[in-house]
Amino acid sequence: MKNFNRFVLAGVCLALGSSSAPAQTGTVTIQASQPAANISPNLFGIFFEEINMAGDGGIYAELIRNRGFEDGSTPVNWTLVTSGGAAGSFALNTSLPLSPSNTHSLLLTMTSGTGSVGAANSGYYGIPLTSGATYNLGFYARAASGFSGNITVSLESANGATIYAQSTVSGLTTGWQHFTMALVPNATDPSARLALRISQNGSVYLDFVSLFPTVTFNNRTNGFRPDLANMLVNLKPSFLRFPGGNWVDGYGVANAYNWELTVGDPANRTPRNGTWGYMVDNGLGYHEYLQLCEDIGATPLLCVNAGMDGNQNAVPPSQLGPWVQVALDAIQYANGDTSTIWGAQRAANGHPAPFNLQYIEIGNENYGASYNTNYGIFYYGIKSNYPSIHVIVNSQGSVPTSAPLEIVDEHFYPNASQMAQNATLYDSRSRSGPKVFVGEYAVVSGGFGVPSNLATLQNAVAEAACMTGFERNSDLVQMACYAPLFCNVSNVNWTPDLIYFNGTNVYGTPSYYVQQMFSLNRGDVVLPTSVSVSGNPLYVSSSLVLSSGQIIVKTVNVNSSAISTTFNLNGVASIASSATTIQLTGNAADTNWFGSPRRIFPVTNSIGAAGTNFTVSLPANSLTIFKLQGSGFSSVTNLQFQFLSPIHLNQSVPSTLSGQASGQTFNLAGNYAVTYTSMDPTVAVADAYGIVSGTGIGTTAIVASYAGISATQSVQVLPPLPTPPTQLIHRYSFNDGTANDSVGSANGTFRNGSGASSISGGQLNLKGSTNDYVNFGSGIISTNTLTTGAVTFEAWASFNSANTGWSRLFDFGASSGIQGANYIFLSPNNANNGGNARMAVTDGVGNGNETGFNTGNLLGRTNLHIVAVFNPAQNRQFLGLYTNGVLAASTSTGSKQIASINDVTSFLGHSHWSNDPGLNGSIDEFRIYDGELNTNQIAATQALGPNQVLSTSSPTLSASLAGPDLTLSWPLPAAGFGLMTRTNLSLGDWVQVTSPTPQIIGNHWQVIMPVAQNTQFFRLVE
């Protein structure tokens, strides 16, 4: 595909080094008069998951841990405290539950002595107190029979030696009562505790002991910690994805997240043991998430459980109804009128107006056959009730086929080098498929949760490089959010994270400021940008604010030396000389921390010499944003649209589209702002790239539209051309100890990086190393080499049972960072589908627009005859796999064509995805055919074996009589020939004999039929 936004990039190098490297130069050319795609207004958002104590112990302002005494079988996080000579005890009690969802209370007993017995709670690693601030305490209490004393509450030092604030409650009865009071400490202490004491023999019961600061975000009850919430406000996110993540899955289906248990009175909500090793009481619930979205101006994106846990255990489809109903109820709670059941509940909870939920994601990182089934049930259940809701699907493994795909959620956590390369991840992705939501991404190095896995500047600029690709491809990438969001430094489950905090302080990592810089500096449309550099790469995205004419240019230098960069802006009369720059830079290994929270921080400056041509130095390890004021933008005129006509049915041809601005002609091919429309799709269609295909006989017009103007060309579609016969074009027998091609000229190069593999005994023997394979070079699979528009791969192979997931028999296409692109492959072990084999083809990057199928596990099979067919002809649409002559699986090819496969590299035993293993097994022979082998030809090659090939020479037809039967036979290699008959050599047409079907007998094809009563002539035709 042509894409004028695509960068000219050298290899990415992110190694640390000194700045003494040779000076680099670069040129950035921006076409200001050729706006491309609209940038999604929802592009940059945030993702909240209950991990690292992000909610409880984090943004949720509750200061007491285990306030409802539901976290365990003992009073965890509570301490028995005594004074004087008093003795006593405490224990959990279930004799009179506060509510059905809060079944435990704390029984506090003083048995003897003088002084006091109490229960103390230090919150989440110490209760932070500020002198003079007000803290609201609430708790439930009841007296045991015979107890008539008081309860004294105090905010005090960790050892209880110093009292900061104190109050007493009296009037206890044997029934539950709720007591509230305001406490104002007289000192500041970051690690205080709360204690509740009795000083009379007897017992009291305590439950739901809650302590909140009066000052919360937007002063809401049951609210949020202001400093953490304001970190989100300062990001200005377009959306908030919640509540997870693995938090949605649970550690088992019975533990899955259910929002309905998280609304209403916090004392009556159902606690939950989440997936990250700690309990939460769901005081931060669905309503609070929605309220947070409204308060920070973010669109809510709810993730619901798909009837599956994180290990892909699933609820049977017959029992999925209640799970779908939970999703429907969630939409009604957020959006329903107050006359509805859940809309009324929302109003009762203090928010009569709807929250405007627009997006709902089905599951989190789910995959496999069960997810395929469940997704379809959820999709149609939601769409039939709420057709305007956007449904998001998981894409780990393969995407479902059970229902339409609107938006696909993709997650990746690569190292810095791979992340920067992902800047081009979506450049070649098909625009005819679903939109993309990058729901989780971050640079990760060294393993999750390890202390050395820091959010450094080096990692942040690599993420910025990738984000330029999100922005340039925002017609496809609609939403993206870094993950995870928050981390309490005293409870680290995962690193790195965007925002770190303790009880009193918070700081953003360099990645936080990258996210902020992209979010606060957005344009409306992409401007085509080309980059040329003398050394290592420079990543750039450019956009235009339509209302003001401001041009925003984001540049990312991931290298260890500065780049002197010249900016050329075409199609604009002038650029104001004074321009704003916002820059994040420093040493690659630098990060922020509590002692230096702004060590890496964006600095705003101005330059006074901007223009349509200016030069600046971009520092090493930097993200620099230029805000340029343009005026006098040129208009596009004289749109020229051309393609070949006439064409034939099932034929596809590319088009060219050009325009003029400022007296210059430019190419618009690949500009995603161009739309192509057929006036009669039954005759011809045009895809998003301007490829015109004949769908029926006749004449119609194709219209190309761009920037308010359009151009039209007529296309005539003729009957289909005769399909050329299938021909063997490449053969690799390995008999001479090489990977040479004995039929064509595409000799393979055998790479044996491990030294353990070999070509011997007439076979290619591979031992599973990613460095051992055969490279056929480029161009084998292309429209130049495949005249029929179809291709067949044939092999005799043995697959060792030790093959790990995603090894490849063959893989033809291109690489894009850690992923493949525009490929066709066969893997004997699809690790995400129970070890089954997979064949697939895609016209984009990764598996987001992949067409394929899974079939039985091929591991442990020896001398297996494999035939893989890709025939995208309009009247065929066949992607199929035969094993030992039998069709094992097939599917439609969809919109994929031979032209979709960007055959930059052609591998045998190797994958285009750099993280995939090498093949472990042997290959006796590998063949490639121009065209589709039919079932007779496949049966013949199965019978002939790897040492003989099909013949295209005219065979000899033999005939014999035996009683009333006529036996006709011809050599087995002539499988591409059909038997024809006629009764007069001078008159009439030859007619194919379709019955009986030819059978393989020995080394011949044979047909036995009754002797006709009239004269018959027979011949073989290819």
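**Notes on Gln713 and the chain around it**

1. Gln713 is buried, at a relative accessible area of 17% (buried means under 20%, with a 1.4 Å probe and protein chains only). Keep in mind that this is a predicted model, where local features need pLDDT of at least 70 and side-chain atom pairs count only at pLDDT 80 or more, while totals for chains, interfaces and linings use all residues. Numbering runs from 1 along each chain as its sequence is written, and side-chain values use heavy atoms, with hydrogens and water left out.

2. Gln713 sits in strand S45, residues 709–718 (strands are DSSP runs of E, at least two residues, numbered from the N terminus). A polar atom of its side chain lies 2.8 Å from the backbone oxygen of Phe643.

3. What does Gln713 touch, leaving aside residues up to four places away in sequence? Phe641, Gln642, Phe643, Ser645, Thr700, Ala701 and Ile702, with contact taken as heavy atoms within 4.5 Å.

4. Zooming out, the chain has 10 helices and 67 strands (a helix is a DSSP run of H or I, at least four residues). Of its 1022 residues, 57% count as buried. The C-alpha trace spans about 125 × 80 × 65 Å along its principal axes.

5. Contacts between residues 24 or more positions apart make up 71% of those in the chain with a separation of 6 or more.

Terms used
Buried < 20%, exposed > 50% of the residue type's maximum accessible area, 1.4 Å probe, protein only. Polar contact = N/O pair within 3.5 Å; in protein donor to acceptor, adjacent residues only side chain to side chain.
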